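Dear colleague,

Please find below the structure that I am handing over to you. My notes on what was found in it follow.

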Amino acid sequence: MPLPPLIAVEEFFRPPERTRATISPDGTRIAYLAPWKDHLNVWTENLDGPPDARPVTADAHRGVHTYHWTDDPRWLLYEQDGEGDENWHLYRVDLDDPEAPAVDLTPFPPGVRAAGYEPAGPGRAILRLNSRDPAEFDLYELDIATAQLTPLARNDGRIDDWIRSGTGELYALVRTESGTRLLTGWDTEHGPTRTIKEFDTSELPYGIYPVQVTPDGTGVWIGSHLGGDLTGVARLDLTSGTQTQADRHPRLDLDTRAQVFPTLPPPLVLDRRTGELIGARYLGDRQNINAVDPHFADVLKRLNALSDGDLSTLSSDESGQLWVAAFTHDRDPGRTYLYDHRTGLSRLLFRPYPHLAPDALAPMRPVTLTSRDGLTLPSYLTLPVGVEPVRLPMVLLVHGGPWARDSWGYHPVVQLLANRGYAVLQVNFRGSTGYGKAFTQAAVGEFAGRMHDDLVDAVDWAVREGYADPARVGVLGASYGGYAALVGVTFTPDLFAAAVDLVGVSDLPGFLRSLPDFTRPSLAHNWFRFVGDPDDPEQEADMRARSPLTRANRIRTPLMVAQGANDPRVVRDQSDRLVEAARSHGADVDYRVMDDEGHSFVTPRNNCDLYRDIDRFFAEHLGGRR
């Protein structure tokens, strides 16, 4: 096969023509994201009749990435923060008056975050707001039409989350000093009323997820191990506290990636009209959706026949007959269909990236590696098209989190690198989620230890298999992946020929001390458990020993660092001090700060500029084609 043509960076990182389409409850319209003034915004379009596509939001600065239909066809909601600070506001759009400006339904001063939006009956929604205390989220009911917020429950400082049944009963997930979680009834004046269930969440980095009230209000569906290693779906009775299995997969974990990346599909598939559980998503090398409802099982069979990809965004009208379905795919991503179950007919609505030819893109294939201590490491290898896969320059692409995972599908960074002639290896190192509780827990105490050994072992595997040239291996990662890149150039300075750190942690104690208040209630079960508590002198000393900043004098690998100036999680000081220390010891560091970005870079212009520089940087140091 001949070499594919070089594809410009802009072709990978410009906004999709259309994406994330969903159908209205009455089945007459779709909403989707599409560019308006070069930034993604929400558009709507009638499904029948003459074309009438029009933008209904107008954000020309950062764009819009999350929106919600309401049960009233007049109103559509969307979320936006301030330049990446993650202090989200909820806005209302009047679909009947396209000229009316969007209304901020949470018009609070800077620093207030609206979280946990969920529908709550006709014209109403539930929100969590930290307007009283940055670290404590109180529960409110929102009247969407009037924008009135009614307080429902005040956080007493121990509440991780609230549950409200469809009939108005309140429940709370309460933290205890021993590290467990209590599900309790909740009285708005007196607080906890009765303990329903005690959960040992000490082994779960993010606690209990998902939590979804059953339509009859007598129970909740939750993610549960049910005494095993893998996560399935259980029904918890709110009267007795007993758990019964609702669904599980014999070999795969429930797909909980949406807990970290809310734009991904949720693990539970619910009936649009009744709210009943009709399916659950599981994830291994590829996705598997279990249908727990006969009607949905038939629909699912028909939808899966539309593509050899994996179902991603999925929505139906209230009748459950009209469906809009998009598919994850490594080379033809986001292909989106309208399917009518009454007739069995379907039609392609759009391809988000029609300018990208699938044959010019590189297939991603699952591979299984073994660590030096015998742990199985599920991974993905992408090899460039038209090149003999022998002694190639290679980029180790490390996912963030670290309580997340890599998965099969289209990744613009992967495809850019493969198009330039690099092999790309993505490793689900210990600590990644989605492979059972024990695999995640294997990372406790292993930052810059066995977690990094897993990455080194992966590079060694690629060299042994003949894919990678050991003299031309680079590393690239964001967030935890950025930390891993920095660990690579400070703990194993001879392994990589080039490294790119995007918003990576350099100083573990400083990172934990500067985290925003809204993250603090969960620290005991993730960062404190896996890495340490910086207020404990002995643990702080260990954390400093695992911090790249402590070893900045060992950096001799060409290094690029990029940082969002408004990042609330990995603050700019983390990168500033690392770069200053490395340069003071003679290291070659290319540093850029994005003034209008946070922890995730979302502006197309910034991403194009950044990846043009990364393309140039790796070409210079690894020898990829340009």
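**The hairpin of β27 and β28**

Strands β27 and β28 form a hairpin with four residues between them, and Gly 344 in the turn has a positive phi of about 75°. Please bear in mind from the outset that this is a predicted model. The two strands, β27 and β28 (residues 345–350), run antiparallel and are joined by five bridges. Within this pairing, Leu 338 stands opposite Arg 347 in β28.

Strand β27 also has a partner in β26 (residues 322–328), with which it pairs in the antiparallel sense over five bridges. Here Trp 323 has Tyr 339 of β27 as its bridge partner.

Is β27 mostly covered or mostly open? Strand β27 (residues 336–340) is mostly covered, as five of its five residues are buried. The burial applies to both faces: Thr 336, Leu 338 and Asp 340 lie on one side, Tyr 337 and Tyr 339 on the other.

**A second hairpin and a buried leucine**

A further antiparallel pair consists of β13 (residues 159–164) and β14 (residues 170–175), joined by five bridges. Arg 164 is placed opposite Leu 170 in β14. This hairpin has five residues between its strands, and Gly 168 takes a positive phi near 100°.

Leu 105 is located in the loop between β8 (103–104) and β9 (114–119). Its relative accessible area is 1%, and Leu 105 is therefore buried, the limit being under 20%. Leaving aside residues up to four places away in sequence, Leu 105 touches Leu 77, Leu 90, Tyr 91, Arg 92, Leu 142, Ile 144, Ala 147 and Leu 149.

**The eight-stranded sheet**

Eight strands form an open sheet with mixed pairing, in the order β29-β30-β32-β31-β33-β34-β35-β36. Its edge strands, β29 (364–370) and β36 (589–594), each pair on one side only. From one strand to the next, the twist averages 20°.

Inside the sheet, β31 (residues 392–398) and β32 pair in the parallel sense over three bridges. Leu 396 has Leu 425 as its bridge partner in β32. Helix α3 packs on the sheet, where it touches β30 (376–382), β31, β32 and β33 (468–478), and its direction makes about 150° with that of β32. Helix α11 also packs on the sheet, touching β31, β33, β34 (498–502), β35 (559–564) and β36, and its direction makes about 160° with that of β34.

**Salt bridges**

Side chains of opposite charge can pair when their charged atoms come close. How many salt bridges does the count come to? The count comes to 49 salt bridges.

One of them joins Arg 420 to Asp 615, with the closest N and O atoms 3.2 Å apart. Arg 420 lies in the loop between α3 (412–419) and β32 (423–427), and Asp 615 in helix α11 (residues 604–622), so the pair ties together parts that are 195 residues apart in sequence. Both Arg 420 and Asp 615 are buried.

Another salt bridge is formed by Asp 454 and Arg 430, whose closest N and O atoms are 2.8 Å apart. This pair links distant parts of the chain, with Asp 454 in helix α5 (residues 450–464) and Arg 430 in the loop between β32 and α4 (437–441), 24 residues apart. Asp 454 counts as buried because its relative accessibility is 0%, and Arg 430 counts as buried because its value is 4%.

A salt bridge of 3.2 Å, N to O, also connects the side chains of Arg 14 and Glu 11. Arg 14 counts as partly exposed at 30% relative accessibility, and Glu 11 counts as partly exposed at 23%.

Finally, a network of salt bridges links Asp 507, Arg 513, Glu 540, Arg 544, Asp 573 and Arg 577.

With kind regards

Conventions: Residues numbered from 1 in each chain as written. Predicted model: local features only at pLDDT ≥ 70, side-chain atom pairs only at ≥ 80, totals over all residues. Heavy atoms only, no water. Salt bridge = Lys/Arg side-chain N within 4 Å of Asp/Glu carboxyl O. Buried < 20%, exposed > 50% of the residue type's maximum accessible area, 1.4 Å probe, protein only. Pairing = 2+ DSSP bridges. Axes fitted to C-alpha atoms, helices over the stretch in contact; angles between N-to-C directions. Contact = heavy atoms within 4.5 Å.
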